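Please keep the structure open while reading.

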Amino acid sequence: MPTKRHVAGKREPADGVALNHFQAFLLFAAVISVAFGFLGRRNPSDRVKYILWSFFLFLLVGIGIGWAMFPFSR
Amino acid sequence: MTEDANPNLNLPEAIAEPGVEEPLDVPVPEMSAEKRAMAIGIAGWAVPGLGHALQKMWGRAIVVFATVGILVFAGASMRGNVFTSHGNDAFDTLGFVADLGTGVFYFGAQRLEHNGADVSHAGGDYGTRFLATAGVLNLLAALHAYEAARGRKA
């Protein structure tokens, strides 16, 4: 039997963090890019470039795959 | 003097002769360095960032601790699935191994999820991936710390 929360379609505070798809995607890309940048490069300027480039590629590939799957989503 | 009276009789010549460098000492530091690297790798797995902190790589230590912590906190807060050792199939076992990669944060994730997992929503499914990614990322960082301790360029 669906609960009141499911019928209303809203999250209660007990659910904790409620991110939508794009927010979760951005968080994931940002965190992993920073980790890769610090582990993979030693020079601070190289790290910044790597982080930005990695983040951009995450967005590009993620949105690209999402866009490619859109016709099959219905 | 009889042979039995010589206390160095059964020892290698290099040790028996005073003042001679002991060739047996050469492999000992290598073994200890390898053991130290292994200990650093295990420490890096158990506590994210500790492997780098022990080598005074403070920036990397903070970033590893923070990124793994953020992913675990977000994953558990989104009610992702924290796998246990009592899995039903190989995928559950793989998920448990990945989650266990977060070290002590694994137990923190279990404590954070006082309401249990909820993968009926997309958020819970994302949370499961966040937790697994945190574990694999920490294993990668621990391997990086281990290689750095062995003297590889890192």
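The model is predicted, and in it 15 residues of chain A are in contact with 19 residues of chain B. Sorted by class, the side of chain A that touches chain B is made up of 12 nonpolar, 2 polar and 1 charged residues.

The largest nonpolar core has 41 residues, and those with the most contacts inside it are Ala35(A), Val72(B), Leu131(B) and Ala134(B). Two or more residues each come from α2 (21-40) of chain A and, on the side of chain B, from α2 (27-46), α3 (50-53), α4, α6 and α7 (122-149), with α7(B) giving the most, at 13 residues. When its neighbours within four places in sequence are left aside, Ala35(A) is in contact with Val63(B), Val64(B), Thr67(B) and Leu137(B).

Two of the helices of chain B, α4 (residues 58-77) and α6 (residues 105-112), pack with their axes 9 Å apart at an angle of about 25°. Because angles under 35 degrees count as roughly parallel, α4(B) is roughly parallel to α6(B), and the crossing of the two is right-handed. The residues that make this contact are set out by helix here.

| Helix | Residues in the contact |
|---|---|
| α4(B) | Val68(B), Gly69(B), Val72(B), Phe73(B), Gly75(B), Ala76(B), Ser77(B) |
| α6(B) | Phe105(B), Gly108(B), Ala109(B), Leu112(B) |

By class, the contact of α4(B) with α6(B) has 7 nonpolar and 4 polar residues, and no charged ones. Val72(B), named above for its contacts inside the core, is also one of the α4(B) residues that make this helix contact.

How values were computed. Residues numbered from 1 in each chain as written. Chains lettered and ligands numbered in written order. Predicted model: local features only at pLDDT ≥ 70, side-chain atom pairs only at ≥ 80, totals over all residues. Contact = placed C-beta atoms within 7 Å. Nonpolar A, V, L, I, M, F, W, Y, C, P; charged D, E, K, R; others polar. Axes fitted to C-alpha atoms, helices over the stretch in contact; angles between N-to-C directions. Helix = DSSP H or I, 4+ residues; strand = E, 2+ residues; numbered from the N terminus. Parallel < 35°, antiparallel > 145°, perpendicular 65-115°, else oblique. Left-handed = near helix turned anticlockwise from the far one by under 90°. Core = buried A, V, L, I, M, F, W, Y, C linked by C-beta atoms within 7 Å. Buried ≥ 20, exposed ≤ 12 C-beta atoms within 10 Å, placed from the backbone.
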